[in-house]
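Subject: The structure, and what was found in it

Dear colleague,

I am handing over the structure we spoke about, and below it you will find a description of some of its parts. Please keep it open while you read, and look up each element as it is named.

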Amino acid sequence: MFYAGLDIGSTITKVLIKNERKVCTTVIKPTGAEHRRLANEIMDEALRKLNLTTANISYIVATGYGRINVPFADKQVTEITCHMRGINWLFPSVKTIIDIGGQDSKGIKVDNGKLVNFVMNDKCAAGTGRFLEVISDLLGVKLDDIGEISLQSTRPTNISSICTVFAEQETLLQLSKGTSIEDILAGIHRASASRIHSMVKKIKIEKDVAITGGGAKNIGLCKALEERVGFPVIVPPEPLITGALGAALIASEETKKISKEELIEKQLKRRWEAVTFFDEKPTKG
Amino acid sequence: MKTENKKIKKKSGKTLQTAREASYFAKKMLKNALQAQEEGRPIGWSMVTWWQGELIARAIGAELVFPENYGAFCAATGGAEKHLEISDSEGYPATLCGYARNSIGYAKLLSDNNFVPYEGAPGGGLAKPKFFLASGTACDARYKWFQALKRYFTEAPVWTVDLPMPGTKEFFYKGNKELGLKYIVDHLKDYVAFLENLLGTKLDYDRLNEIVDQTFKTLALAHEVDILRRAVPSPMVGSDFWSIMIPHLYLPEDPEAYEFYKKVYAEVKQRVDNKIGAIPNEKYRLMFAELPPWHSLGFFGELAEKFGMAIVIESWNYHAILPIPEEEFEGVTDPLEKVAMLTYYKWTEYNKVALEYNVDPGFFMAAYFQFAKDYKTDGLLAHPLMSCRPATYTLLHTKNTLENKLKIPGVVIDGDIIDLRVFNEKEAFSKMEAFVETMDHYREERKKAGIAW
């Protein structure tokens, strides 16, 4: 049997299909404005890679910011739970998860696979992927490269502001002073790490610590966070898919809770057509 | 292509008929004050002083309106934004108390309109004040709020009533209670002199005695309702309480409030006797800390519907006082002393619990530890108000201490009482969804630790 997890984040959408033993495939694409249309397309792509059809997927769980916009999902589960489950499956020793997404960041506490506590930064771009995106745009550097570049810094500058707009102004000021891009980026990563660290500390940071989400792909940010935390942190091989992985794991569990008949009924009810934000009625995709 | 983005009006989440009727009291206060203005009787703008200042003002013949209550009224009826925008343009920062900003915006409009409430003002508006009755109790920012309002009403003086708020251990120092009460009574005498001088009339102490007696009766009945709420399933929820609290908090001396509470009691008792829950399929019993987002009360209805979450008890400070032992009144005849006792006992009533759990300040933290047991709660929904310093100071500490000492988890939903711009309802809902799993986990933890519920 196959199980699918679909994580529609604010910036990136991820699909993961697994069977009982292993992860079979993943697809990662930018989210864009029309979650529902993309959800349909990205799922199709994942199925094509495995030469499967929709009927082969026993259960689908959607998670993330856009989870309610997936008409073919059998269940929606919050991303906090899905990240926790995904990381717990990959690294059972992890007790604290730091998830750095495009529009928010979270701290999650785990105890024996159970969600014990969590904290979120959801009203401010500081400490999120968006913060780094704004600065990379301003500096004319690719977002994917800013982490590596920051590691070349010899004198990290001090970015004092936690507000994205003010940090942008500080960055411009540093540029006008002739500060190197490496030093500015190191300062930016430190400011971001400081913000995230002080938030996650609210739920008490315990070893082991894992970082997930797009922010975990930024080595400069991971190093800055490690410095703050005071010990090495674990970064999954593909930190973007831990939410989708958790969703697929939940899908597998849900399958076992219901009878074959119920499962078939659920599958028949799936609305597989693409839909848009602008019309609640399904249209042929 | 359909482009219409129609906002669906959500239900208020009230489950009691009496809760639906309670707004009558908020409207009554506003109406009475407007009537008093027409008749040339004095009007005071009052803070909640936990009955310390209000009862005396009413005994001397003043009509009172409450900018705090008006703030909630405006937010719930969609009328607050206009006032907030004016407050912003007057130069007051958006980080100030939402109630203060709402009243400042309204005050500006009132003074610009020759002290006639503007057309369409929520509830008809607040009538022009003759004086301000302020209080430093609970919140330091309140000292400055009414002083700022004077900018628009230059002839109205501000009187601030005071209350000693001892720390947990200090409360038990020998003679502390007597000194505290004497301090309050001395201040109340000065306050009476201020009112008599301002209004040119003498306080009728017999009338004050009547008012105080009626207040104790109403508060005792309101407390009986609180006791009924310990039942499982919960016979009423937070959305009910936030309506029915109006009469006991603002109008406890009004015989109509007492009659109203008889009806509330009967309605809640009927549910308890028949094991009827306020919400169907109650699964999680939550305490709510601090004031709710008045603009988004439908949120709680959705929590009930989707997750079976019932707010079974709310912030201690808005509830009626616990009964004061009869013997404490022996030899007390001065109504000012009774008023002092009422407020002082209210603010120190959970100090024994505070001592047991070693928490400080007891008045903002301790009640939740007692509530957790009495109301068999599964979690704390903490709503730190972005604009409310006292609430925010203790809330996270309370949450963490409850987790450590009673294995009651908490979730933090940031927001504001008035300003809906800082309340992210979608994210709040998402957090609550995740919190279900946390509460399930802690249920198991309590079982392991031998904690009774």
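In this predicted model, the C-alpha centres of domain 1 and domain 2 of chain A lie 29 Å apart. Domain 1 of chain A is made of two stretches, 2–81 and 242–269, while domain 2 of chain A covers 93–235. Where these domains touch, 7 residues come from domain 1 of chain A and 10 residues from domain 2 of chain A. On the side of domain 1 of chain A that touches domain 2 of chain A, 2 residues are nonpolar, 5 are polar and none is charged.

Chain A also holds an open sheet of 4 strands, which follow one another in the order 8-7-6-9 with mixed pairing. At its edges stand strand 8 (114–121) and strand 9 (209–212) of chain A, each of which pairs on one side only. If direction is ignored, neighbouring strands of this sheet are turned by 20° against each other on average. Within the sheet, strand 6 (residues 96–100) and strand 7 (residues 105–111) of chain A are paired in the antiparallel sense over 5 bridges, and Asp99(A) can be found opposite Lys106(A) in strand 7 of chain A. Helix 2 (residues 79–90) of chain A packs on this sheet and touches strand 6, strand 7, strand 8 and strand 9 of chain A, with a direction that makes about 55° with that of strand 7 of chain A.

Turning to chain B, you will find an open sheet of 4 strands there too, in the order 2-1-3-4 and with parallel pairing. Strand 2 (63–65) and strand 4 (158–161) of chain B each have a single partner strand, so one side of each is left without a neighbour in the sheet. From one strand to the next, the twist averages 30°. Strand 1 (residues 43–46) of chain B is joined to strand 2 of chain B over 3 bridges in the parallel sense, and Trp45(B) stands opposite Val65(B) in strand 2 of chain B. Helix 7 (residues 142–149) of chain B packs on the sheet, where it touches strand 3 (131–135) and strand 4 of chain B, and its direction makes about 165° with that of strand 3 of chain B.

Helix 7 of chain B also has a helix as a partner: its axis and that of helix 6 (residues 98–112) of chain B come within 10 Å and cross at roughly 5°. Because of that angle, helix 6 of chain B counts as roughly parallel to helix 7 of chain B. Ala100(B), Ser103(B), Ile104(B) and Ala107(B) of helix 6 of chain B meet Trp145(B), Ala148(B) and Leu149(B) of helix 7 of chain B, and the residues of this contact divide into 6 nonpolar, 1 polar and no charged.

What is the angle at which helix 8 (residues 176–199) and helix 13 (residues 335–348) of chain B pack? The angle is about 125°, with the axes 9 Å apart, and therefore helix 8 of chain B is oblique to helix 13 of chain B. The crossing of helix 8 of chain B past helix 13 of chain B is right-handed. Among the residues that make the contact are Leu181(B), Ile184(B) and Lys189(B) of helix 8 of chain B, together with Leu336(B), Glu337(B) and Tyr344(B) of helix 13 of chain B. By class, this contact has 9 nonpolar, 2 polar and 2 charged residues.

Key:
Residues are numbered from 1 along each chain as its sequence is written. Chains are lettered from A and ligands numbered from 1 in the order in which they are written. This is a predicted model: local features need pLDDT of at least 70, side-chain atom pairs count only at pLDDT 80 or more; totals for chains, interfaces and linings use all residues. Two strands pair if DSSP finds at least two bridges between them. Helices (H or I, at least four residues) and strands (E, at least two) are DSSP runs, numbered from the N terminus. Axes are lines fitted to C-alpha atoms, for helices over the stretch in contact, and angles run from 0 to 180 degrees between N-to-C directions. Two residues are in contact if their C-beta atoms, placed from the backbone, lie within 7 Å. Angles under 35 degrees count as roughly parallel, over 145 as roughly antiparallel, 65 to 115 as roughly perpendicular and the rest as oblique. A crossing is left-handed if the near helix is turned anticlockwise from the far one by less than a right angle, and right-handed if clockwise. Ala, Val, Leu, Ile, Met, Phe, Trp, Tyr, Cys and Pro count as nonpolar, Asp, Glu, Lys and Arg as charged, and the others, Gly among them, as polar. Domain bounds come from an automatic or database domain assignment.
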